[in-house]
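The following exercises are to be worked with the sequence and the coordinates at hand. Each task is followed by a solution in steps.

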Amino acid sequence: MNGSRLDDFLALSRAHPWELAPFSESLPDGGQVQVWDTGVLCIEPAVPGNRDLVLSCGIHGNETAPIELCERLLNAILSGRLTCRQRLLFIFGNPAAMNLGVREVEENLNRLFSGAHARGERRNHERTRAARLEQYVSRFFQARDGAERLHYDLHTAIRPSAYEKFAIYPFTHGAPYSRRQLAFLSSAGVDTILLAHGPTTTFSYFSAHGFGAHAFTVELGKVMPFGQNDARRFAAMEQNLEQLIGDPDWQPPAFDLDQVRVFRVCQEIIKQSEQFCFHFSDGVANFSAFPAGARLAEDGEQQWFAREPEEAVVFPNAGVAEGQRAALMVAATTLTADMLV
Ligand SMILES: O=C(O)CCC(=O)N[C@@H](CCC(=O)O)C(=O)O
Ligand SMILES: [Zn+2]
């Protein structure tokens, strides 16, 4: 698509970080590429398969590896190397934060979904963006019934992780977990699953709860600046997504439950004030374990201790805003056949 405005959609989006007027172009194979807004691009194949796929990245602006991965997939489609056979919505979440090389401009976008953007008096860039992204995902999924709905929200973690690639399975309200989705994630190199313990205001929970989508927050490695990611570390996910996009009949390879490591949440540590601090070093990796009784954090009068023999910490971040999650404490668990569908 030489000479088209889609030659470099990410650059176009970053040049218009707040909003971009909609436009559309045709693909040589008869498909339609519709730009809905900055960072938001929908591909409507002439004859779509039965999966409606949302791929989001850059919800946190400095998590560059997923942005680069999605850009490669988009360019493969636009160049004709990859034929898009599923309805597909690309979301490059926070171009303004990308431009600044930061996680967020004013507020964590991934805490503003399911209407949280409208709570309270605060108004800012991320709140406007969350409201619009909700509308775009609704428009995309509600365009038809009966298709399998998928949303992979791709991230990278601030710190290294003992298990480099892991996914957060949003709270299912008791519904069974999807064996096929676990197989997909496993064959994409995501061998560790963290089962959320309650509703959240994340993007993946919004799609899962609001639209019955199989939706996940997927952590693909550690945050690095643009241009410094090793694409080979993401190759399995990229290949799986190419299969999903290009082949309506593709299924992930047969899968054994032993192939995944599963964790459940034991406790959530919420920062209450500026006095909040952890009692472990800044260098600990995600999934580092603590013995029962270990003092984990304190905030004024309140203290947190490990309650179970091997409680592991995920996403510790003392720098979050007051009232936000500063860490999740998790413990190993098992998924049995009766918990799967
Ligand atoms: O490394 C970190 O501390 C954060 C990485 C990240 O952005 N994780 C997501 C997880 C969302 C979820 O719980 O589904 C986030 O914190 O938004
Ligand atoms: Zn993130």
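**Exercise 1. The surroundings of a proline**

Which residues does Pro 66 touch, not counting residues up to four places away in sequence?

Solution. The model is a predicted one, and the contacts are read from it as it stands.
- Step 1. Setting aside residues up to four places away in sequence, Pro 66 touches Cys 57, Gly 58, Leu 154, His 155, Thr 156 and Leu 220.
- Step 2. Burial follows from a count: a residue is buried if 20 or more other C-beta atoms lie within 10 Å of its own. Pro 66 has 28 C-beta neighbours inside 10 Å and therefore counts as buried.

**Exercise 2. The helix that holds Pro 66**

State the extent of the helix in which Pro 66 is placed, list its buried residues, and describe what follows the helix.

Solution. 
- Step 1. Pro 66 has its place in helix α2, which covers residues 64–79 and has 16 residues.
- Step 2. From the first C-alpha to the last, α2 reaches 22 Å, close to the 22 Å expected at 1.5 Å a residue.
- Step 3. The buried residues of α2 are Thr 64, Ala 65, Pro 66, Ile 67, Glu 68, Leu 69, Cys 70, Leu 73, Leu 74, Ile 77 and Leu 78.
- Step 4. An α-helix has 3.6 residues a turn, so residues three or four places apart point the same way.
- Step 5. After α2 comes Gly 80, with a positive phi near 90°.

**Exercise 3. An annotated position**

Where does Glu 219 lie, and is Glu 219 buried or exposed?

Solution. 
- Step 1. An unreviewed UniProt entry lists Glu 219 under "active site".
- Step 2. Glu 219 lies in strand β9, residues 214–222.
- Step 3. Because 25 other C-beta atoms lie within 10 Å, Glu 219 is buried.
- Step 4. Leaving aside neighbours within four places in sequence, Glu 219 is in contact with His 155, Thr 156, Ala 157, Ser 161, Lys 165 and Phe 166. His 155 and Thr 156 are also among the residues that Pro 66 touches.
- Step 5. The unreviewed UniProt entry lists residues 51–245 as "domain: Succinylglutamate desuccinylase/Aspartoacylase catalytic". Over residues 51–245 the chain is 35% helix and 21% strand, with the end C-alpha atoms 9 Å apart.

**Exercise 4. A three-stranded sheet**

In what order do the 3 strands of the open sheet that includes β13 stand, and which strands are at its edges?

Solution. 
- Step 1. The order is β11-β13-β14, and the pairing is antiparallel.
- Step 2. β11 (277–278) and β14 stand at the edges; each has a single partner strand, so one side of each is left without a neighbour in the sheet.
- Step 3. β13 (residues 295–299) and β14 (residues 302–305) are joined by 4 bridges. Across this pair, Ala 297 stands opposite Trp 304, and Glu 298 stands opposite Gln 303.
- Step 4. The two strands form a hairpin with 2 residues between them, and Gly 300 in the turn has a positive phi of about 60°.

**Exercise 5. The whole chain**

How many helices and strands are in the protein chain, and how far apart do the C-alpha centres of domain 1 and domain 2 lie?

Solution. 
- Step 1. The protein chain has 7 helices and 16 strands.
- Step 2. The domain assignment gives domain 1 (9–258) and domain 2 (267–339); their C-alpha centres lie 27 Å apart.
- Step 3. Between them, 13 residues of domain 1 are in contact with 10 residues of domain 2.
- Step 4. The radius of gyration is 20 Å, which agrees with the value near 20 Å for a compact globule of 341 residues.

Conventions: Residues are numbered from 1 along each chain as its sequence is written. Chains are lettered from A and ligands numbered from 1 in the order in which they are written. This is a predicted model: local features need pLDDT of at least 70, side-chain atom pairs count only at pLDDT 80 or more; totals for chains, interfaces and linings use all residues. The expected span of a helix is 1.5 Å times one less than its number of residues. A residue is buried if 20 or more other C-beta atoms lie within 10 Å of its own, exposed if 12 or fewer, and partly exposed in between; C-beta atoms are placed from the backbone. UniProt positions are given in the numbering used here, feature names are shortened, and annotations may be inferred rather than shown by experiment. Two residues are in contact if their C-beta atoms, placed from the backbone, lie within 7 Å. Two strands pair if DSSP finds at least two bridges between them. The radius of gyration is taken over C-alpha atoms; the globule rule is 2.2 Å times the number of residues to the power 0.38. Domain bounds come from an automatic or database domain assignment.
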